Amino acid sequence: LKRRPSSPTVAGGLFIRGGARNIDEKSAGIENLMLASAVDAGVKMPRSVVRRELARLGSSISSGTSNDFSAVSLVSTRANFDRVWEIFSEVMLNPAFSKADIDLNRERILTGLREAGSSPESALEEMENHIIFAGHPYANDVSGTPANIGRFTPAELREYHKSVMQTSKLLFVFVGDIDPDQLKARIAATFGKLPRGDYKEKPLPA
C-alpha cells in the first residue's frame, strides 16, 4: 500500500504471478478468458447488478494479461471504496462463469485476435515471436489463439480459477488514502481465507 493522504480516489490491483509461465500451447489464453469473464459477475451478483453498481459509483473493475503476470484492477472514489471492494471480492472469489457472460467475452477476444491477424504488421510480429521465443514460455500468446478461445468451457474456466486462487500466487497493490490496518482486515476476511498453495515461479530460460 502506498498511502496518499487526502487523495479522493483509490486504485488497486490483484496481481497473479506467472503470466506465460502458467500456460502451454493447449492452454494459451485460458487466463485471459477466465479473468475477463470472472469480473463480469459473481454467483450472488449478476452481470446487470455489477454493471449498474459500478456505473452508479463511478468506478471500474477490469482485467489484463501480460507475459509476466496478470492483473485485476479496480478504481474507485474513496467514499465508494467499501462497496466497490464488496463487488470486487464477490466477482473474484465467487465468479458466476455463466455461459452467456463467457460467450460475450469469447467473441470480444476472438474479434481482437482476428483483427490482429489481419494486419501485416501484427502477423509479422507474431511470426517473429514464435521464432525468437521458440522453446521459451513467451512463445505462447497469453491472449490466446482463436482455436483455444473458441473451445474453453465454463467447467475449464472454473477449474483454472480454482488453481489460480492460491495466496502464494497473488499480490495486492493499492494506492490511495486507506488505513493499512483496515485494508489488511478486509483482505484477511476475504482473500486471506484462500488456500496458501505451493506455487513457485518457474525461472525463465537464459
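In this predicted model, S62 touches A71, V72 and S73, leaving aside residues up to four places away in sequence. S62 itself lies in strand β3, which covers residues 60-65. Its relative accessibility is 37%. S62 therefore counts as partly exposed, because that class runs between the 20% limit for buried and the 50% limit for exposed. A pair of C-alpha atoms gives a sense of distance. S62 and T190 are 128 residues apart along the chain, and their C-alpha atoms are separated by 19 Å.

S76 is found in strand β4, residues 69-77. The relative accessible area of S76 is 2%. S76 is therefore buried, since the cut-off for that class is under 20%. Beyond residues up to four places away in sequence, S76 touches P8, T9, V10, S59, F81 and V84. F81 also takes part in a polar approach: a polar atom of the S76 side chain lies 3.4 Å from the backbone nitrogen of F81.

Across the whole structure, one cavity of 30 Å³ or more was found. The volume of the largest cavity is about 50 Å³. Its lining is formed by G19, A20, I23, G29, E31, N32, T65, S66, S70 and V142. Three of these lining residues are nonpolar, six are polar and one is charged. Strand β3, which holds S62, ends at residue 65, and T65 is one of the residues that line the cavity. S70 is also in the lining, and strand β4 spans residues 69-77.

Technical notes. Residues are numbered from 1 along each chain as its sequence is written. This is a predicted model: local features need pLDDT of at least 70, side-chain atom pairs count only at pLDDT 80 or more; totals for chains, interfaces and linings use all residues. Side-chain values use heavy atoms; hydrogens and water are left out. Helices (H or I, at least four residues) and strands (E, at least two) are DSSP runs, numbered from the N terminus. Buried means under 20% relative accessible area, exposed over 50%, partly exposed in between (1.4 Å probe, protein chains only). Contact means heavy atoms within 4.5 Å. On a 1 Å grid over the protein atoms alone, a cavity is a set of points where a 1.4 Å probe fits but cannot get out, and a pocket is an open set with protein on both sides within 12 Å along at least five of seven lines; lining residues have an atom within 4 Å of a point. Grid points are joined across faces, edges and corners, and a volume is the space filled by probe spheres set on the points. Ala, Val, Leu, Ile, Met, Phe, Trp, Tyr, Cys and Pro count as nonpolar, Asp, Glu, Lys and Arg as charged, and the others, Gly among them, as polar. A polar contact is a pair of N or O atoms within 3.5 Å; within protein, one must be able to donate a hydrogen and the other to accept it, and residues adjacent in sequence count only if both atoms are side-chain atoms.
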